[in-house]
Amino acid sequence: MAFDLIIRGGTIVDGAGMPGHRADIGVSDGIIAEIGDLSGEAATETMDADGHVVAPGFIDGHTHMDAQVFWDDIGSNSCWHGVTSVVMGNCGFTLGPCAEQDKDLVLHNLERAEDIPRQAMIEGIPWSWETYGEYLDAVDALAKGLNYAGFVGHSALRTHAMGERAMEEEATEEDLEVMKGQLADSLRAGALGFSTSRTSSHRLPSGKPVASRLASWGEVEALTAVMADLGAGIFQIARENVIEDPEERRAEHDQIKNLAVKSGVPVTFGGTWYKRPHPEAWRTQFRMVDETIAAGGKMMIQATSAWNGSLRSFETATPYDFISVWKEFRKKPLEDQEKGLRDPKMRAKLIDAVKNHVHKPDPKLPNLYQRAVDWDWVFPYDHTLPPFRSISDVAKERGVEPIDAFIDLALEHNLKLFFIQPSFNDDQDYVLAHIRHPHSVVTFSDSGAHVATTCSPIHGHLLGHWVRDAQAIPLEIAIRKITLDIASFWGLEGRGWLHEGYHADICVFDPETIAPTLPVLFHDLPSGAPRIKQKTDGIKATIVNGEVFMRDNEHTGALAGRVMRGPLAHN
Ligand SMILES: [Zn+2]
């Protein structure tokens, strides 16, 4: 038979963890038709994968692409990292169920908690739905490069049922019945599951909690029970930030564990990460997962592969933008700021302001201003894989103060250099322990959210640093944790495995060169708002549903992505 596409001579790393082996892959009608020696076979298109790894396309289980999918058909930045499928609707934030006249309610939830500019959403989203199923239909009708699945979000269910009261109070019995009905309808229409947030950083623009944070735990249990009754769906939770008090932490863990064991619903969450002031807290969270699984529940941790935090720069946001002297200075055009920083008087004034500044976390400010600056843990991002040198290291070497080193480094790059300020996972040894845990996957790019303040090239970091440079994780296991483990736990049928009959979502990359590129700032959101673009080098091709979507990370024009609906939609 003649194939549509043959990928020849690559090392097949199948996603299930089997040892890599040399073989060809034949693709027909978007499906993997044959894996083996296809040397005598013909195809419309042939790709030489000699010296490359051929893996399933990576799956990102934690994104917030719900809004972006309407204005960005290629699905950046995910599309530049070997990703072929994304899951949106995490942390309780979805655009449905919600009628157009009420859209302020769900936009409020998203704009502050996930830093998605409100004006971009207003200009970029042609609203055509009320129910979650109608939202999925709208995404289905879009031309798109990636495959999309989604959770239905608790905050949206709440505002749909309760209006403004969703941000103020607990649900009544009647409210809860409405939510349960909408959740069941959403699952039948193809939602993968239900998501919520109880995290203190998830706030409205006013600083008040997002709608899902007003819910009692009983409400969360009642909604999860809908999935148990229907026998489908997974539960994603952005957990409470209880890290200080071990007893509170234990209580929170027991709550989630009991829900998982009692309901039998698969539970997944991120935010299990290492924090320096509480170096052992993450272990108790992994223990909860082990205990849940030992008791017969299902639970999966969304680990990441590197630090998690913000990128700072003079082009975007510095840590000091809210000090009054800086606030005024930062309103100037970038060239004027560059001149100012080179002027000894202006520079001294700015540095004095920093030295006299007392850090007081203020919930009214965006999340990235809640963290004090510790120069031992801020890193110039002038290369993308470890080891990184801190600002303190550079300052010591140059015999200057850290704030001077920060300003000098920025000036040496015409203010276009980014700096990493981690909020979690500053210490990479712990990140490795998280990745190695048997009940973790590597996901949580958070793609679609915080687009001007962060970027998480998790796949290039995993494969370039942990697999190749550090030799800390076998390639086959790393690939499994970004493909089949996610597809299986999340319920993405027919994806994540290089196997005959599976969808032909494939990533072809060079294991010797794969690495993230440096991030660059663009102003190309629908409202002209800024966002950071970052790619991963070494990816020869990304194939979605049998069509070559990216070649050397340049879009080919193919837009063969689909909506991946949950199991109830197929019955
Ligand atoms: Zn999230």
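Tutor: Let us begin with one residue pair in this predicted model: Leu311 stands opposite Ile420, which belongs to strand 15. Strand 15 (residues 419–424) is joined to strand 13 by 5 bridges, and the two run antiparallel.

Student: In what order do the strands of that open sheet come, and which of them stand at the edges?

Tutor: The order of this open sheet of 3 strands is 13-15-14, with antiparallel pairing. Strand 13 (308–312) and strand 14 (379–380) are at the edges; each has a single partner strand, so one side of each is left without a neighbour in the sheet.

Student: How many strands does the open sheet with parallel pairing have?

Tutor: That open sheet has 8 strands in the order 6-7-8-9-10-11-12-16. Its edge strands are strand 6 (58–60) and strand 16 (440–442), each of which pairs on one side only. On average, neighbouring strands of this sheet are turned by 25° against each other, direction ignored. As one example of the pairing, strand 8 (residues 147–153) and strand 9 (residues 193–197) are parallel over 3 bridges, and Gly153 has Ser195 in strand 9 as its bridge partner.

Student: Which domains does the domain assignment give, and how many residues of each are in contact?

Tutor: The assignment gives domain 1 (58–306 + 425–492) and domain 2 (314–423), whose C-alpha centres lie 31 Å apart. In the contact between them, 12 residues of domain 1 meet 10 residues of domain 2. Helix 15 (residues 458–469) gives the most to the domain 1 side, with 4 residues, and that side divides into 1 nonpolar, 8 polar and 3 charged residues.

How values were computed. Residues numbered from 1 in each chain as written. Predicted model: local features only at pLDDT ≥ 70, side-chain atom pairs only at ≥ 80, totals over all residues. Pairing = 2+ DSSP bridges. Axes fitted to C-alpha atoms, helices over the stretch in contact; angles between N-to-C directions. Domains from an automatic or database assignment. Contact = placed C-beta atoms within 7 Å. Nonpolar A, V, L, I, M, F, W, Y, C, P; charged D, E, K, R; others polar.
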